[in-house]
Amino acid sequence: MDVSADNEMSTRSHVVGQLIVVFSLILLLALLLGLFSLYRLAEALDARQVEQSRFYAESAMAQLQKNDKTFLLTHANWQAAYDHLGGQVDTQWAYDEDNVGATLYTSDGYDGVYVLDDDGTRYAILDGKLSQQGLERHTASAGKILQEARQAAQHEQASSGYLVFRGQPAVYVAALIRPQTQPAQPPGPTAVMVFIRVLSPEVLLPLGQSAGLSGLAVVDSADQRHGRGALPLEGSGHALTWDLPQPGTELIQTVIAPLAIAVLLIALSMALFARYAIRASTRIDRSHRALMTSRAALQSSEERFKAVAEAASDWIWETDVLLRLTYLSDRFTELTGHPVEAWRQRSITELLSCDTNNLRTCLHSLAAAGSSGTLRCQYQDHLGQQRICRIASRAIVAEGVCTGFRGTCSDITDEVAAHAQIQHLSLHDALTGLPNRNKLFRFLEQSAPGAEQPQVALLMLDLDNFKPINDSLGHPAGDAVLLEVAIRLGQVTRDSDLVARLGGDEFIVVLTRPGDHADMDRFCTRVIEAIKRPIQVEGHVVQVGVSLGVVLSADYSGTPSDLIRHADVALYSAKQAGKNTWRFFSAQMNAALMEKRVLESELREGIPRGELVLHFQPRFKVDGVSIASAEALVRWKHPRLGLLRPDRFIPLAEESDLIVLLGNWVLHEACIKARGWPQAVLVSVNMSPAQFSRSDVVRDVGDALRATGLPAHRLELEITENVMLNDVEGALHTMLALKELGVRLNMDDFGTGYSSLGYLRTYPFDSIKIDKRFVQHLGKSGSDRSVVQAIINLGNAMGMTVTAEGVETAEQLALLSDDQCHEVQGFLLSKPLENEALVGMMKDQVALAR
Ligand code: C2E
Ligand code: CA
Ligand code: CA
């Protein structure tokens, strides 16, 4: 994942967190503001209520005084009162007749009723009873009251105010007593009538009620309490108080609980929301991260796929379920020449055809079986040329339903061609194209099946005077002559006959309907005539002759090898008899056969006598310097015939158990010698197929390793395909057991057998050795080079080391190196050496490396 994406992500949960904090702060602020305004509103409401109630209280008190004044004036501004109280007090009139008497207390509620003048109290009623105690006894304000009343009288008014009466706050009204009709100012000082009403609860509560004030009461001025309205009662040292309604506070009280609940709910839902938001954003972060990771993984896997698709030698295809191509890798165009666009949405069956199977059926059966498979198909490239390919395919299954197919397609045209070529070369002579020894054997085996053997004649031919042509005119001329001979032999034989070349100037002709000796005589004459005709070679005219050895299966039956051996003997006899002639095989001629018998018994005695010796031919890495292995090649120091090559005695040893004796001797000797080498390279030992059929090679090899102490991994066995020909199952079993021992297996003479490729896949070979025949034509024949390349590719594909043997020229080595062959062996690098010489070579290398 890239850094920017990471940052982007880490800020996301951050941002969500911050947003939540900011949002909460705003909400809190709004809430505080709301609360504050509410508080201010409540405060204002309360303040207004204070004002209002104070006004009501004032008004109530004013009204009380006003009413009392009005009531007082009805008594004071009254002629009768003036007459009976203004001067001498007429108690009879006033109290007894109740003109200004007890009723003022009982029905009007005045606690004190007084008439004052400058000499003091002249008439007093206290609690409705006539009293001897003057006002002065109950209050200090008597003088002040008198003064004020006289002043007010100047405006024909009564005065009023507060005082402490008998220790209680009270309201008083006072007015001058005068006749109603009198002018404003009566003469001289006159008496004043005073009504006093104690502000008792009985007075105040109804007063308060009428003014809409509850709990109206009077308290000491110092004793004011919070939450109650207050109005000082001037001059009484007391104050009026009442229950102060607090609408603001009430508002807050009623609002506060639901508000608190609402705030709590909001806070709760905020918290829940925040939790959810943070969780969600964390989840989003997580899934985003996962998405980024999987996107990165997808991208890298796409890149990887693309890289593979582009690098692969195969092209990759995909189809929908109707087999319409939906994807073709770019390699498609490179390999087929067709543009990808031209094939998209077309059916794959239009592109590829398969002659053994129906492609559509095959793909659908893959889908049904849920497996993958390969199929060989053909297609035409953009030039219209037929190409062969191998497709590997598999159904695309989504939720149990096949939605299409995908696979790879490898062009195997060259491989198939090389395979065919290898097959052909393994059965044919590269120069003349005639069947070779392998095909000859096959032919002979096929034409002689079972008891009712059809008769054949086998003729072995050897050219006379060929070597001088080769020597004087060079190899190409020699080859041209051989080619011409091959053609002429073809001309004198029928299609059912076989003409083969064994190598050099040796040919074999097999006639399927030979007739009798006379017929054979005629045929031989025809052959000699045909070959004898002059041949044009590079501007020269040359002439060769031919000798023939003939054997008729009617006369001497036997195995194909027997027939060939008999013909060889007859040929020898023909050559002895002078050239350009032929001889039929006869038992007497079998002197050569006798010779072999002798040789065989000499070998049987010679092996224990120590007449065998091993030469070693090193095998090199393709750099031509480092030794990878040394191959043990047996020689026989024959007391009579000198040093014999294996070709002279191995075949005859193979005809009997002698090969087991010989093979075991070679195994032991090779292991012993290898242990003494200064370099711990492999030692390669050739194993004859006969050893496999006549002995327990696993035991033999194990014995040799145990007896000599050579580590198994240093021993390599060279095995030809013939081993597998005899007993396919047994050979596989034996080879697996050999692998178990830890030895390496090398397939020798690769390409000369019948179906090398098949064997290669089945058997546990570690390496393959390309037969010298292919190597020796390298540089001369393009086809051989492509075979060599195909074998190297095959070896690489199967993880096997590939060796080329019989490397004789620097050119061959260069080509093999170009084609990335792994290892090389041949006269160019080293001939087979005696052990001391090999050890010397190894020592030199070791010294050089130091
Ligand atoms: P081979 O296994 O293919 O061994 C290679 C033969 O090719 C050897 O011949 C070797 O000398 C020869 N050679 C090597 N380099 C070149 C080259 O550059 N050009 C040419 N023209 N020839 C080259 P040799 O030693 O005569 O052996 C012939 C065959 O005898 C061997 O063929 C192998 O099949 C068999 N053989 C040799 N030793 C033993 C053995 O100990 N046991 C068995 N069973 N067979 C053996
Ligand atoms: Ca070999
Ligand atoms: Ca070989």
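In strand β20, Val-550 is the bridge partner of Leu-459, and the two strands concerned, β15 (residues 457-464) and β20 (residues 545-552), pair in the antiparallel sense over eight bridges. Two strands are said to pair if DSSP finds at least two bridges between them, while helices (H or I, at least four residues) and strands (E, at least two) are DSSP runs, numbered from the N terminus. The model is predicted, with local features needing pLDDT of at least 70 and side-chain atom pairs counting only at pLDDT 80 or more, whereas totals for chains, interfaces and linings use all residues. Residues are numbered from 1 along each chain as its sequence is written, chains are lettered from A and ligands numbered from 1 in the order in which they are written, and side-chain values use heavy atoms, with hydrogens and water left out.

Both strands belong to an open sheet of five strands with mixed pairing, in the order β16-β17-β15-β20-β21. The edge strands, each pairing on one side only, are β16 (498-503) and β21 (582-584). Neighbouring strands of this sheet are turned against each other by 20 degrees on average, direction ignored. Helix α17 (residues 517-532) packs on the sheet, where it touches β15, β17 (506-511), β20 and β21, and its direction makes about 160 degrees with that of β20. Contact here means heavy atoms within 4.5 Å, and axes are lines fitted to C-alpha atoms, for helices over the stretch in contact, with angles from 0 to 180 degrees between N-to-C directions.

A helix pair comes next. The axes of α20 (residues 646-654) and α21 (residues 658-675) come within 7 Å and cross at roughly 125 degrees. In this contact, Phe-649, Ile-650, Ala-653 and Glu-654 of α20 meet Leu-658, Ile-659 and Leu-662 of α21.

The calcium ion (ligand 2) is coordinated at 2.2 to 2.3 Å by the residues in the table, donors being N, O and S atoms within 2.8 Å of the metal (3.2 Å for Na, K and Ca); water is not among the atoms, so sites may look incomplete.

| Donor residue | Donor atom |
|---|---|
| Glu-631 | OE |
| Asn-686 | OD1 |
| Glu-718 | OE |
| Asp-748 | OD |

Asp-748 coordinates both this ion and the calcium ion (ligand 3), which are 4.0 Å apart. Asn-686 lies in strand β25 (residues 682-687) and Glu-718 in strand β26 (residues 715-719), so the pair ties together parts that are 32 residues apart in sequence.
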